[in-house]
Amino acid sequence: MGIKRFPEADLHCHTTASDGLLTPYELIKAASEIGLKAVGITDHDTVSGWSESIKAGKEFGVEILKGIELNTEWQGTEVHILGYEPDQESKQFQDKLRELREARMKRMLKILDRLHNMKIDISVSEIKAIAKGESVGRPHIAQALIQHGYAKSIKDAFTQYIGAKAPAYVPRFKLAPKEGINLIREAGGVAVLAHPGQHDLGKFIQIWVNEGLQGVEISHSDHTPEEERQYREISRKFHLIMTGGSDFHGEGRKMGVKLGGWGVSYDVVEQIRDLTICSRKKAEWN
Ligand code: AMP
Ligand code: FE
Ligand code: FE
Ligand code: ZN
């Protein structure tokens, strides 16, 4: 027996299927090299990274938790919902994801238009070359801005051009948290609130619990120890599962965020798998 690594599982990771820099294969290979036992693949609005991850997981001995991240909106604030192990075959689930990705495309075109009005010309084909998967996001546009010399870093590109308070910002179509939770639950998955500390969402958690929320992400690269404590307390109060992950997007996409730097012990993976059974039964009942 080797030394037990902690965390054993990083349940929040992005790949080239959305706005991560590593392919699913590269991500899982890296996870095995640092001794992770399980990895959650949680790309934005797409499950297209799952099959390659599972294949790589078999090769490298890493267990894959199939996930998704939906960016929903509540009273003008971003609320990200993670879904674990929804049924890939669910038509309703796949149709909605397709709709969300199409909205991403349209919004990307609008952002390029706004940049054009600012005398910054970035072509659709350039974005296509950067975004290797089917879910286009602002980090891809940020990368193009860096390549053209308009921004020093991703963060700088968000501050100067495409962040919520910047001139080329275009809001994206978003579901309400309740719709995101339902979408995941009806596909038999487990619905978890991602990084609530980013927007101080503690006071709303009870509302979402009543709508079917089953867990809260406690360990996360943006959370302070005080936030972790606060959300752990709320989770205990409402009997929610406590998950965790780095939100790794690749070296350099988010400074200081390392794969496996945040996460949970392996038993949380088992807790999530147990809960999917509840969601499946609920989905059958409806
Ligand atoms: P989108 O999904 O297109 O709205 O883009 C949001 C994504 O951009 C998030 O998932 C993060 O990966 C990234 N992001 C958001 N805000 C920032 C920021 N200020 N600096 C760097 N990356 C950011
Ligand atoms: Fe992202
Ligand atoms: Fe997020
Ligand atoms: Zn994320």
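A residue counts as buried when its relative accessible area is under 20%. By that cut-off, both His 80 and His 195 are buried. These two histidines are among the protein donors of an iron ion, ligand 3, in this predicted model. Elsewhere, 7 strands form an open sheet of mixed pairing.

**Iron site**
- His 80 sits in strand β4 (residues 77-84), while His 195 belongs to the loop between β5 (190-193) and α8 (205-210).
- These two histidines are 115 residues apart, so the pair links distant parts of the chain.
- Along the sequence, the donor residues follow the spacing E-x10-H-x114-H.

**Sheet**
- The strand order is β1-β2-β3-β4-β5-β6-β7.
- β1 (9-13) and β7 (241-245) are the edge strands, each pairing on one side only.
- On average, neighbouring strands of the sheet are turned by 35° against each other, with direction ignored.

**Strands β2 and β3, with helix α2**
- Strand β2 (residues 38-41) runs parallel to strand β3 (residues 63-74), and 4 bridges join the two.
- Ala 38 has Glu 63 as its bridge partner in β3.
- Helix α2 (residues 50-60) packs on the sheet and touches β2 and β3.
- The direction of α2 makes about 150° with that of β3.

Terms used: Residues are numbered from 1 along each chain as its sequence is written. Chains are lettered from A and ligands numbered from 1 in the order in which they are written. This is a predicted model: local features need pLDDT of at least 70, side-chain atom pairs count only at pLDDT 80 or more; totals for chains, interfaces and linings use all residues. Side-chain values use heavy atoms; hydrogens and water are left out. Donors are N, O and S atoms within 2.8 Å of the metal (3.2 Å for Na, K and Ca); water is not among the atoms, so sites may look incomplete. Buried means under 20% relative accessible area, exposed over 50%, partly exposed in between (1.4 Å probe, protein chains only). Two strands pair if DSSP finds at least two bridges between them. Axes are lines fitted to C-alpha atoms, for helices over the stretch in contact, and angles run from 0 to 180 degrees between N-to-C directions. Contact means heavy atoms within 4.5 Å.
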